[in-house]
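Here's a quick briefing on a protein and its ligand. Have a look at the structure first, then run through the notes below.

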Amino acid sequence: MSPLSKETLQRELTTSLFGAKLFFFESIDSTNACAKTLAQADTPEGTVVITEFQSHGRGRHGRPWNAQPGENLLFSVVLRPSLPRTSAGLLTFFAAVSVARGIEQVCGTPMEYKWPNDLLFHGRKTCGILLENSMDGESVNYAVVGVGVNVNQREFESDLKGRATSLSLELDRSVDRTNLFAAIMDSMESAYPDVRKGEFSGLLKEWNAHCTTFGNQVTVAQNNERIKGKAVGLNTDGGLILETSAGMRTIYAGDISLTPS
Ligand code: BTN
């Protein structure tokens with residue numbers, strides 16, 4: 001399996017904005033941390049930080065994101081959309097749908113979506129997305145979209161066994177990471193004009209169509225609270241609508257799991 005390099009990544013890109021400025025590191029603490037530093041120093045929209053290995057990869061809710069070196073896609077993109085603070089969370093759906101479209105184009109298989117920002121393959125986590133937004137008053141100043149795709153990794157730490165998988169494990173072949181990266185950049189660039197206009201309905205519609213959670217009884221872990229209910233859909237802000245014993249409730253953050261029957 002070929003290693004990533006700045007030259008080959010740039011050679012495959014067909015985009016003009018996404019990846020036009022690209023920082024490649026053999027190893028780094030976290031591409032999200034680096035992209036945030038660059039964003040604060042006014043790096044242009046579309047800047048990408050990509051690495052073969054993260055020593056302190058970040059997941060959601062302060063969890064670590066550990067990935068074996070040289071097997072996966074680990075990158076972050078800087079965005080500067082003119083969006084109100086209230087729409088910032090929708091960028092996660094832009095990222096999830098764009099990554100899924102890229103994977104489908106290269107691997108020929110649609111991904112399943114798990115609220116709010118996981119992509120699953122045969123029910124197991126294949127990609128995680130970490131959105132970190134910076135606000136300027138009531139508007140988005142910049143957003144960093146961090147993407148970790150399990151591509152060719154074939155073994156996972158014991159706590160992830162049974163819950164995580166990779167494209168290679170599910171397809172039983174290795175996947176060219178440079179092609180996949182270029183396809184994801186392309187799908188991000190194609191979807192981004194709507195994001196700039198604050199138009200997320202098409203992305204949410206596609207996300208809804210591939211979400212495997214709806215219709216199931218779920219438990220949402222939110223801080224110290226556990227909320228149980230039937231997942232019935234998304235609202236226009238990307239919130240998860242739950243039918244609970246106390247009525248309808250919309251959730252904006254948390255981790256969901258299927259409630260055992
Ligand atoms: C999650 O599912 O918890 C989100 C995981 C996001 C991981 C990616 S890997 C590239 C980028 N840099 C980070 O430190 N995290 C994100």
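**Ligand up close**

A polar side-chain atom of Ser30 sits 2.7 Å from one of the ligand's oxygen atoms, a polar contact in the sense of N or O atoms paired within 3.5 Å. Taken alone, the ligand exposes 420 Å², and the protein buries 98% of that (accessible areas by Shrake-Rupley with a 1.4 Å probe). Bear in mind that this is a predicted model, where local features need pLDDT of at least 70 and side-chain atom pairs count only at pLDDT 80 or more, while totals for chains, interfaces and linings use all residues. Residues are numbered from 1 along each chain as its sequence is written, and side-chain values use heavy atoms, with hydrogens and water left out.

**More contacts**
- Gln54 brings a side-chain N or O atom to 2.9 Å from a nitrogen atom of the ligand.
- Arg60 works through its backbone instead: an N or O atom there is 2.7 Å from a ligand oxygen.

**The shell and the pocket**
- The ligand is surrounded by 20 residues, the closest being Ser30, Gln54, Arg58, Arg60 and Lys125 (a residue counts if one of its heavy atoms lies within 4 Å).
- By type, that shell splits into six nonpolar, 10 polar and four charged residues, with Gly counted among the polar ones.
- Helix H2 (31-40) and strands E3 (73-79), E6 (124-136) and E7 (139-149) each supply at least two shell residues.
- E6 gives the largest share, four residues.
- The ligand takes up the space of the largest pocket (on a 1 Å grid over protein atoms alone, an open set of points with protein on both sides within 12 Å along at least five of seven lines; a molecule sits in it if more than half of its atoms lie within 2 Å of its grid points).

**Overall fold**
- The chain has six helices and 12 strands (DSSP runs of at least four residues for helices, H or I, and at least two for strands, E, numbered from the N terminus).
- A compact globule of 261 residues would have a radius of gyration near 18 Å, and the protein chain agrees, with 18 Å (over C-alpha atoms; the rule is 2.2 Å times the number of residues to the power 0.38).

- Trp115 and Pro116 are joined by a cis peptide bond, omega about 0°, and Pro116 lies in the loop between E4 (112-114) and E5 (118-121).
- Asp172 isn't a glycine, yet has a positive phi of about 60°.

Key: A polar contact is a pair of N or O atoms within 3.5 Å; within protein, one must be able to donate a hydrogen and the other to accept it, and residues adjacent in sequence count only if both atoms are side-chain atoms. On a 1 Å grid over the protein atoms alone, a cavity is a set of points where a 1.4 Å probe fits but cannot get out, and a pocket is an open set with protein on both sides within 12 Å along at least five of seven lines; lining residues have an atom within 4 Å of a point.
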